[in-house]
Amino acid sequence: MNVRNPITGQSDRPLAPIPPDRLAAVAAGLRERAPAWQNADRGAVLARFGAALADDDALLSALVADTGRVGESLLERRLVAGLVERWVRQAPALLAPPAERPASLPGVFVAGDAVPYELAGMITPWNLPLLLGLIDAVPALAAGCTVLVKPSEVTPRFIEPLMRLVPEELPLRVVEGDGATGAALVGLVDAVVFTGSVATGRRVALAAASAFVPAFLELGGKDPAIVLAGADLGRAASAVLWGGTANAGQSCQSIERVYVAREVHDEFLDRLVAEAAQVGLTCEGGPIGPIIKPGQEDVIAAHLADAVAKGASVHTGGRIERHGGGHWCRPTVLSGVDHGMLVMTEETFGPVLPVMAVSGPDEAVALANDSVYGLSAAVFAAGEEQARAVAARLQAGAVSINDAALTALVHEGEKNSFRLSGLGGSRMGPASIGRFLRRRSFLVNRSDAADPWWHSTKE
């Protein structure tokens, strides 16, 4: 297959999947490097890598070519450099062995350590190729794993400039490939992280189970935002607009449905519409980039057509546009929506914000939880206490309070995905590094006396 340029619409770059035998050789080579890496000064090597990432223009240009967006690519590069720096700083304390402690049995003491997997594999998506390509790879490397990454075939241009920045001592390989490459990777590694759709995640989980390796799955989302009476509506409108249209809505933590208290619904809608109407496309000098993945424009169009056919009103945007050969969608605000519409129940993955009036917190929570997904959410209220009370009732792994989509920027909070949004340990926070370690205990008996449960062989 050829790789499409999302700005021009042209398939102008051939994809060059690594052959299966070569992939196996790469995996074997990484395994050979595992003992040396576990004994290396990993922090120093990673620090050099992070510094090289921070301002590399070739990497930035490749990201822009991959995705067609500029602002988010600059932010992505900055976030990744910060990600590396944070793990360099935090990993030594998190990897320190636990203090020895007495067991419940007299004379017995418990000590321990942690053993990294030799080779961790990552299969990563197209929407934030650099960030999601390294968000799990960096803590795995800090833990002592060697790492093999297979990014999406939709956005492979960044691989070459990224690999030029990898220090020779760093056992990280990022390879070009398609779905078959990802399937082959699962059988070559000791643990796998997959980020992508639920359908593909199920296949990865089955393959990992067959290979008897752990799989950590980060899957889809249909994130709700709740705006309660008394909330700062200007703040809520601005936050929801960014949370739903950054990266043209092509992020798993994008706000995809908005529930607003009936008494403030009209004012909130007016504010949101007014702001959305001012946000233009990147081809016009605005911040909204093109639709990256081929075929996603058809999903967005189908959701919009379904909503309109069932009575929704379109206030801004509302259609797929062609500019320079690429597909674009302006920030789209809908009202008059309900859960009989695809746009309220299935992943749209576009800059579309359907707004629904609700009677109060109870109805808002019930509707927000009426989903097969449970990735993240947002709550806006007059006070933090009220917002926290509502947030505690939501079936979601992370809830932004008086803001939206903070998980894109704040990686310190540990969280698990609920429902079909994923499985496995937390990708965020200190727990993230623990996914790549196997805990080992040393049970030491310091008593000179015979254990009373031993077989008695003396008369």
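Helices (DSSP runs of H or I, at least four residues) and strands (runs of E, at least two) are numbered from the N terminus. The structure on display is a predicted model, in which local features need pLDDT of at least 70 and side-chain atom pairs count only at pLDDT 80 or more, while totals for chains, interfaces and linings use all residues. Residues are numbered from 1 along each chain as its sequence is written, and side-chain values use heavy atoms, with hydrogens and water left out.

**First stop: a helix pair**

Select helix H10 (residues 233-245) and helix H11 (residues 262-276), whose axes lie 9 Å apart at an angle of about 50 degrees. Here axes are lines fitted to C-alpha atoms over the stretch in contact, and angles run from 0 to 180 degrees between N-to-C directions. H10 and H11 are therefore oblique to each other; angles under 35 degrees count as roughly parallel, over 145 as roughly antiparallel, 65 to 115 as roughly perpendicular and the rest as oblique.

**Second stop: the pockets**

A pocket is an open set of points on a 1 Å grid over the protein atoms alone, with protein on both sides within 12 Å along at least five of seven lines, for a 1.4 Å probe; lining residues have an atom within 4 Å of a point. Volume is the space filled by probe spheres set on the points, which are joined across faces, edges and corners.

The second largest pocket has a volume of about 320 Å³. Among its 21 lining residues, Glu72, Leu75, Trp242, Ala246 and Asn247 are the closest to its centre. H4 and H10 are the elements that give two or more residues to this lining.

Next, select Phe194, Gly196, Ser197, Thr200 and Lys293, which are the closest to the centre of the largest pocket among the 32 residues that line it. This pocket has a volume of about 800 Å³. Helix H9 (198-211) is one of the elements that each supply at least two lining residues, and H9 gives the largest share, five residues.

Select strand E3 (101-102) and strand E22 (437-445), the edge strands, each of which pairs on one side only. They belong to an open sheet of three strands in the order E3-E4-E22, with antiparallel pairing. Two strands pair if DSSP finds at least two bridges between them. E3 and strand E4 (residues 108-116) pair over two bridges, and Arg101 stands opposite Val110 in E4.
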